[in-house]
Amino acid sequence: ERTRREIHRRFRTFLLTYYPGIEEVNRFLNKYKGESQKPPLPSHLKILPAYYPPRIKQMCSQNSSSLEISYVHLSNMQSLLAIWLTDVPKDILQIFDEVLKGVVLTVFP
């Protein structure tokens, strides 16, 4: 149950926050974690809007029941989830489906 909750938390975070380049931004920010004075984000790093929420809204507006998630995106941000997805796809996809339903219900109550 604890593992299931962690998978749920990680995938929800991925869905709601992922954007291309977030890995580099997170690496930079984590380097200065806990410091009172953080240097400004270098110009080559950008904080962008999340990639998947607009796609979730589009999925809902089209009355679709499928959201295509890039394995590359998932493996870049949540490599453990990507590995588990290949190891036990049925179980992980079931959790991913539950998470997505929860996200949809918060966007479209």
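1. Start with helix α6. In the lining of the largest pocket, α6 gives the most, with six residues. Bear in mind that this is a predicted model.

2. Next, the other contributors. Besides α6 (89–107), the helices α1 (2–17) and α4 (71–77) each supply at least two residues of that lining.

3. Now the pocket itself. The largest pocket holds about 360 Å³ of space. Its lining counts 17 residues. Nearest the centre lie Leu67, Ile69, Phe96, Asp97 and Leu100. Find these five in the structure before moving on.

4. What is the make-up of the lining by nonpolar, polar and charged residues? Twelve are nonpolar, three are polar and two are charged.

5. Turn to how α1 meets α6. The two helices pack at an angle of about 55°, and their axes are 9 Å apart. The crossing of α1 past α6 is right-handed.

6. Which residues make this contact? From α1 come Arg4, Ile7, His8, Phe11, Arg12, Leu15 and Leu16. From α6 come Ile92, Gln94, Ile95, Phe96, Glu98, Val99, Leu100, Gly102, Val103 and Thr106.

7. Sort the contact of α1 with α6 by class. Ten residues are nonpolar, four are polar and three are charged.

8. One link is worth checking by eye. Phe96 and Leu100 are among the residues nearest the pocket centre, and both also belong to the α6 side of the contact with α1.

Key. Residues are numbered from 1 along each chain as its sequence is written. This is a predicted model: local features need pLDDT of at least 70, side-chain atom pairs count only at pLDDT 80 or more; totals for chains, interfaces and linings use all residues. Side-chain values use heavy atoms; hydrogens and water are left out. On a 1 Å grid over the protein atoms alone, a cavity is a set of points where a 1.4 Å probe fits but cannot get out, and a pocket is an open set with protein on both sides within 12 Å along at least five of seven lines; lining residues have an atom within 4 Å of a point. Grid points are joined across faces, edges and corners, and a volume is the space filled by probe spheres set on the points. Helices (H or I, at least four residues) and strands (E, at least two) are DSSP runs, numbered from the N terminus. Ala, Val, Leu, Ile, Met, Phe, Trp, Tyr, Cys and Pro count as nonpolar, Asp, Glu, Lys and Arg as charged, and the others, Gly among them, as polar. Axes are lines fitted to C-alpha atoms, for helices over the stretch in contact, and angles run from 0 to 180 degrees between N-to-C directions. A crossing is left-handed if the near helix is turned anticlockwise from the far one by less than a right angle, and right-handed if clockwise. Contact means heavy atoms within 4.5 Å.
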